[in-house]
Amino acid sequence: MYTSAKQLGIKLCRHCKLSMPEEQSHCQRCHMQVHSRIPQSLQKCWAFIIAATVGLFPANLMPITVLSTRGAPQYETIMSGVISLIKDDMVGIAIVVFVASIVVPVMKLVGLVVILLSLQFNLNLNNRQRIVVYRIIDIIGKWSMLDLFVLSIMIAVFERNNLVGVEAGPGATAFGAVVLLTLFAAKSFDTRLIWDKQLE
């Protein structure tokens, strides 16, 4: 068993890393407001998770690109784009698109939901397992920008020799929003709550 800084009446400024007594509301050094834990961390995390989950539907069901050819415009969703890449013998790019656009966002959301549910409902998951799940989410999160690069790849692939005009569809906006919301969800979760649970 160990004693946490919170139990000792100490908290840390997240901006300049100065430690100070629990009763001080503002940092002596940088004058920023200081909290021992991120305020309403679980509630914020849940809100971002729910919003991101809702955003997944338009991101995957609405066209992410609109191809303008000599005929009628052709609408491509993420999944139809993946299928088109496979048909064009670009399996490697198709795998990158599928993993970055579908697997990664879903994994991040599922991982966070598992952590939050295990904390709030005392599910059979120990702290080490929770931290491992969060670290995986954090590592995946560093590759979130890959999702946006995927969009660029898709546009480049569909824009064949300037014969096809490409525009971002409404799904692209939803997709970008999901990427940001999953990032906010991970960053709004205070990992110290995991260890606080052990001390309760």
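The crossing of helices α1 and α6 is left-handed, a term applied where the near helix is turned anticlockwise from the far one by less than a right angle, with right-handed used if the turn is clockwise. The model is a predicted one, in which local features need pLDDT of at least 70 and side-chain atom pairs count only at pLDDT 80 or more, while totals for chains, interfaces and linings use all residues. Residues are numbered from 1 along each chain as its sequence is written, and side-chain values use heavy atoms, with hydrogens and water left out.

The axes of α1 (residues 41-61) and α6 (residues 170-188) come within 8 Å and cross at roughly 160°, which makes α1 roughly antiparallel to α6. Axes here are lines fitted to C-alpha atoms, for helices over the stretch in contact, with angles running from 0 to 180 degrees between N-to-C directions; angles under 35 degrees count as roughly parallel, over 145 as roughly antiparallel, 65 to 115 as roughly perpendicular and the rest as oblique. The contact (heavy atoms within 4.5 Å) involves residues of α1 including F48, I49, A52 and L56, and residues of α6 including F175, V178, L181 and F184. The residues of this contact divide into 14 nonpolar, 5 polar and 1 charged, where Ala, Val, Leu, Ile, Met, Phe, Trp, Tyr, Cys and Pro count as nonpolar, Asp, Glu, Lys and Arg as charged, and the others, Gly among them, as polar.

Helix α6 also meets α3, with axes that come within 10 Å and cross at roughly 30°; α3 and α6 are therefore roughly parallel to each other. The contact is made by A100, S101, P105, K108, L109 and L112 of α3 together with F175, V178, T182, A185 and A186 of α6, and its residues divide into 8 nonpolar, 2 polar and 1 charged.

Helix α3 (residues 91-120) is in turn packed against α2 (residues 78-87), their axes coming within 8 Å and crossing at roughly 165°, so that α2 is roughly antiparallel to α3. On the α2 side the contact is made by I78, M79, V82, L85 and I86, and on the α3 side by V91, I93, A94, V97, F98, S101 and I102. These residues divide into 11 nonpolar, 1 polar and no charged.

The structure holds 2 aromatic pairs, a pair being rings of Phe, Tyr and Trp (its six-membered ring) with centres within 6.5 Å, and planes under 30 degrees apart counting as stacked, over 60 as edge-to-face and the rest as tilted. The rings of F48 and F184 have centres 5.6 Å apart and planes at 50°, so this pair is tilted; because F48 lies in α1 and F184 in α6, the pair ties together parts that are 136 residues apart in sequence. F48, at 26% relative accessibility, counts as partly exposed, as does F184 at 44%, where buried means under 20% relative accessible area, exposed over 50% and partly exposed in between (1.4 Å probe, protein chains only). The rings of Y134 and F189 have centres 5.7 Å apart and planes at 45°, so that pair is also tilted. Y134 lies in α4 (residues 127-141) and F189 in the loop between α6 and α7 (192-199), 55 residues apart. Y134 counts as buried at 11% relative accessibility, and F189 is buried at 3% relative accessible area.

Terms used. Helices (H or I, at least four residues) and strands (E, at least two) are DSSP runs, numbered from the N terminus.
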